[in-house]
Amino acid sequence: MVLYLFWVYFNSNVFNDWNLGFKRTKNSCSISIFFIYAAGIYFYVNFNFGGYYRNKNQFDEALNHYFKALKISKKGIDSSIIINLYQAISDLYVLKNDYKNAYSYNEKVYFLKDSVFNIDKNKSFTEIQTKYEVDKKNFEIKLLTKEKEIQKNKREITLIMGLVRSEER
């Protein structure tokens with residue numbers, strides 16, 4: 001519902017006044033917060049509103065929306081998106097000449113990137129290790145199958161040799 005309203009206000013020729021469209025979209029989001037909060041859309045709405053206010057040079061309002069998005073991000077938002085949010089907050093603090101906070105959020109960007117990298121690296125290692133174990137087991141199964149075949153062939157040869165010797169007598 002909210003996404004549809006957002007589309008109508010920002011993509012329709014009916015509303016040529018972007019600020020009015022923005023205000024109406026924001027109001028529709030406020031009314032619908034209960035419905036969209038659980039779906040995680042509220043995160044993206046606030047993240048995008050933060051960008052909107054940043055572009056309007058309304059840095060405090062942008063931070064307000066970024067922090068709302070950050071609060072929601074703990075409820076299952078993908079890490080790569082959170083990295084983008086931290087970067088946006090850091091960049092905004094640079095624009096406000098608040099380098100201490102900019103540095104703090106930049107550290108969070110690198111920490112989270114490092115965590116994601118380590119998770120991906122561990123996942124890749126686990127996949128390789130699992131593939132190795134599966135290949136090893138498959139090789140063992142083939143080896144046991146060949147050994148059984150060799151044993152069967154030995155028994156057959158022994159049986160044939162026994163039959164040949166018994167006929168010779």
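Is Tyr 53 buried or exposed? Tyr 53 counts as buried, because its relative accessibility is 9%, where buried means under 20% relative accessible area, exposed over 50% and partly exposed in between, with a 1.4 Å probe and protein chains only. This is a predicted model, in which local features need pLDDT of at least 70 and side-chain atom pairs count only at pLDDT 80 or more, while totals for chains, interfaces and linings use all residues. Residues are numbered from 1 along each chain as its sequence is written, and side-chain values use heavy atoms, with hydrogens and water left out.

**Aromatic rings**

- A search of the whole structure finds 7 aromatic pairs; rings of Phe, Tyr and Trp (its six-membered ring) pair if their centres lie within 6.5 Å, and planes under 30 degrees apart count as stacked, over 60 as edge-to-face and the rest as tilted.
- The pair of Tyr 52 and Tyr 53 is edge-to-face, because the ring planes stand at 75 degrees, with the centres 5.4 Å apart.
- Tyr 52 counts as partly exposed, at 22% relative accessibility.
- One aromatic cluster is formed by Phe 43, Tyr 44, Phe 47 and Tyr 66.
- The face of Tyr 105 has Lys 108 over it, at 4.5 Å from the ring centre; a charge sits over a ring if NZ of Lys or CZ of Arg is within 6 Å of the ring centre and within 35 degrees of the ring normal.

**Loop residues with positive phi**

- Asn 57 is not a glycine, yet it has a positive phi of about 60 degrees.
- Asn 57 lies in the loop between helix H4 (41-55) and helix H5 (59-72); helices (H or I, at least four residues) are DSSP runs, numbered from the N terminus.
- Asn 57 is exposed, with a relative accessible area of 57%.
- Asn 97 also has a positive phi of about 60 degrees although it is not a glycine, and is found in the loop between helix H6 (79-95) and helix H7 (99-168).
- The relative accessible area of Asn 97 is 54%, so this residue is exposed.

**Packing of H6 and H7**

- H6 and H7 pack at an angle of about 165 degrees, with their axes 7 Å apart; axes are lines fitted to C-alpha atoms, for helices over the stretch in contact, and angles run from 0 to 180 degrees between N-to-C directions.
- That angle makes H6 roughly antiparallel to H7, a term for angles over 145 degrees.
- Residues making the contact (heavy atoms within 4.5 Å) include Ile 82, Tyr 86 and Tyr 93 of H6 and Tyr 105, Lys 108 and Leu 112 of H7.

Definitions and conventions:
Helix = DSSP H or I, 4+ residues; strand = E, 2+ residues; numbered from the N terminus. Parallel < 35°, antiparallel > 145°, perpendicular 65-115°, else oblique.
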